[in-house]
Amino acid sequence: VIILWICVILVLLAASFFVAPPDRSGESIKEQMRDAVLHDVNKINFLGIKDVNPAFISAVVVTSFLLLAGVCIRLFVIPKFQIIPSKFQLLLEQLVGFFASFAKEKSPHRYRFLSAYIFGAGMYIFFGTLFELFGIQAVTVNGRSIALPAPLADINGAIALGCLSYLIVLFGGFFGNGFKGVGSALKDFTMPLSMSFRLFGALLSGVLVTELLYHYISLSFGLPVVAGVLFTLLHALVQTYVLIMLTATSYGEASHKKERK
């Protein structure tokens, strides 16, 4: 399979030199890169209330989808669980078991709430990152048609998730050790910034590489697709694991019951 992919990429690369260059009469590469970072040009009107960044629309769509899927699974799937599980039941059990065991390993004394949070945050990061692969189109206030990006491609979304994870650690420290636990968690005050910029930087790197390929490679329907899919899948897995690992480790340290000497 790997050899086949390499052959396909080489063929596409060779064919790109014989194809006419793409039309660059629209936005320049500088404008595209700037808008991919700041999202200050291609805004979308949200329900006639306010012009918002496209990533906000993506966040609303992904959140609604996950909530709806969770309700449907709870009402129509879980009541029909059997002793001999089906494939979907087995997938759910393995997925929930992975997050539960991960939380119990990092915080064996207080892991129930932590497992629920890292499961929700992990699913949001994973499916939110994969969301951009669908290429759902939206019309901006300027009349342009754009594909909705990943929710965490906006720095505001990444900061919000990083700060939320830090608040979870603070509450875990408070309920585990009182104000001493809060003080212990406050020592690592750079954690929300590191989480936020790690999420944002990883997703942004894939967006920028794809934009460069679309702009400078003649065969813009070939290589950017392969690169975009590989970057997206890699970031979805890596960033999900990194966030839940950092959150679970910090939560376990802050909420661990200190023994008095």
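1. Helix 3 and helix 5 cross in a right-handed sense (a crossing is left-handed if the near helix is turned anticlockwise from the far one by less than a right angle, and right-handed if clockwise). The contact involves A59, V62, T63 and L66 from helix 3, together with M123, Y124, F127 and G128 from helix 5; contact means heavy atoms within 4.5 Å. By class, the residues of this contact comprise six nonpolar, two polar and no charged (Ala, Val, Leu, Ile, Met, Phe, Trp, Tyr, Cys and Pro count as nonpolar, Asp, Glu, Lys and Arg as charged, and the others, Gly among them, as polar).

2. On provenance, this is a predicted model in which local features need pLDDT of at least 70 and side-chain atom pairs count only at pLDDT 80 or more, while totals for chains, interfaces and linings use all residues. Residues are numbered from 1 along each chain as its sequence is written, and side-chain values use heavy atoms, with hydrogens and water left out.

3. The packing angle of helix 3 and helix 5 is about 125°, and their axes are 10 Å apart (axes are lines fitted to C-alpha atoms, for helices over the stretch in contact, and angles run from 0 to 180 degrees between N-to-C directions). Helix 3 is therefore oblique to helix 5; angles under 35 degrees count as roughly parallel, over 145 as roughly antiparallel, 65 to 115 as roughly perpendicular and the rest as oblique.

4. The secondary structure comprises nine helices and four strands, in the order α-α-β-β-α-α-α-β-β-α-α-α-α from the N terminus. Helices (H or I, at least four residues) and strands (E, at least two) are DSSP runs, numbered from the N terminus. Of the 261 residues, 38% count as buried (buried means under 20% relative accessible area, exposed over 50%, partly exposed in between, with a 1.4 Å probe and protein chains only). Among contacts with a separation of 6 or more, 70% link residues 24 or more positions apart.

5. Helix 3 has P54, A55, I57, S58, A59 and V62 as its buried residues, and their cover includes strand 1 (44-46), strand 2 (50-52), helix 5 (112-130) and strand 4 (145-147).

6. L66, in helix 3, is partly exposed because its relative accessible area is 22%. Beyond neighbours within four places in sequence, L66 is in contact with M123, Y124 and F127. The C-alpha atoms of L66 and M123 are separated by 8.1 Å, although the two residues are 57 residues apart along the chain.

7. L47, in the loop between strand 1 and strand 2, has a positive phi of about 55° although it is not a glycine; L47 counts as exposed, at 70% relative accessibility. T140, in the loop between strand 3 (137-139) and strand 4, counts as buried at 7% relative accessibility. Not counting residues up to four places away in sequence, T140 touches N42, K43, I44 and I146. L152, in the loop between strand 4 and helix 6 (155-177), is buried, with a relative accessible area of 3%.
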